Amino acid sequence: MSNHHLCNVSDIEEEDSKEFFIPKDEKEVSILAVKKDGMISVFLNNCPHLGVPMNLEPNRFLDVEKNFIMCSTHGALFKIDDGECVHGPCMGQNLTQIPHEIRGEELFIDKDL
Ligand code: FES
């Protein structure tokens, strides 16, 4: 059951991404949500290459053409729908998907990340 309210669906623009910080064990976990073709994907903000956050600027996770999620450190590109790396040093590896659910206009994720 996805029980943590993340935001409203309309808070994420089409072909855009947004960063969220989720409290966990007295720390914060960074996650990102992307909307493309009306579909929303949610991932941990953790590059499988070196295990670091992927963005240098707040909320900026997409490449220029807005076709892929991009890691700013070494330019790895990940598919927006399933997080598979299709270019770069971690090719074939995946971003960790966060199960989510849309109820009405609201986006929820699993609280146990
Ligand atoms: S840390 Fe992300 S591509 Fe190297």
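Q: How many residues of β3 are buried?
A: This is a predicted model, in which local features need pLDDT of at least 70, side-chain atom pairs count only at pLDDT 80 or more, and totals for chains, interfaces and linings use all residues. Residues are numbered from 1 along each chain as its sequence is written, and side-chain values use heavy atoms, with hydrogens and water left out. Strands are DSSP runs of E with at least two residues, numbered from the N terminus, and buried means under 20% relative accessible area, exposed over 50%, partly exposed in between (1.4 Å probe, protein chains only). β3 is mostly covered, the buried count being eight of its ten residues.

Q: Over how many bridges do β2 and β3 pair?
A: Two strands count as paired if DSSP finds at least two bridges between them. Within this pair, Pro23 has Glu28 in β3 as its bridge partner. The sense of the β2 and β3 pairing is antiparallel, and the number of bridges is nine.

Q: Which residue takes a positive phi in the hairpin of β2 and β3?
A: This hairpin has two residues between its strands. The phi in question is near 50°, and the residue that takes it is Asp25.

Q: Which residue takes a positive phi in the hairpin of β3 and β4?
A: β4 covers residues 39-44 and pairs with β3 in the antiparallel sense over six bridges. The hairpin has two residues between the strands, and the positive phi, near 50°, belongs to Asp37.

Q: Which residue meets Glu15 in a salt bridge?
A: A salt bridge is a side-chain nitrogen of Lys or Arg within 4 Å of a carboxyl oxygen of Asp or Glu. Glu15 lies in the loop between β1 (4-8) and β2 (16-24), and its partner, 21 residues apart, is in strand β3 (residues 27-36). The N to O distance is 3.3 Å, and the partner is Lys36.

Q: Which residues are linked with Lys79 in a network of salt bridges?
A: Side chains of opposite charge can pair when their charged atoms come close. Lys79 has closest N and O atoms 3.4 Å apart in its salt bridge with Asp82, and 3.4 Å apart in its salt bridge with Glu84. Lys79 is partly exposed at 27% relative accessibility, Asp82 at 26% and Glu84 at 27%. The residues linked with Lys79 in the network are Asp82 and Glu84.

Q: Which strands stand at the edges of the open sheet of three strands?
A: The sheet has the order β5-β6-β7, with antiparallel pairing. The strands asked for each have a single partner strand, so one side of each is left without a neighbour in the sheet: they are β5 (68-70) and β7 (85-87).

Q: Which residue in β7 stands opposite Leu77?
A: Strand β6 (residues 77-79) and β7 pair in the antiparallel sense over two bridges. Opposite Leu77 stands His87.

Q: What share of residues 4-109 is strand?
A: UniProt, in an unreviewed entry, places the feature "domain: Rieske" at residues 4-109. Over this range the end C-alpha atoms are 5 Å apart. The chain there is 0% helix, and the strand share is 44%.

Definitions and conventions: Helices (H or I, at least four residues) and strands (E, at least two) are DSSP runs, numbered from the N terminus. UniProt positions are given in the numbering used here, feature names are shortened, and annotations may be inferred rather than shown by experiment.
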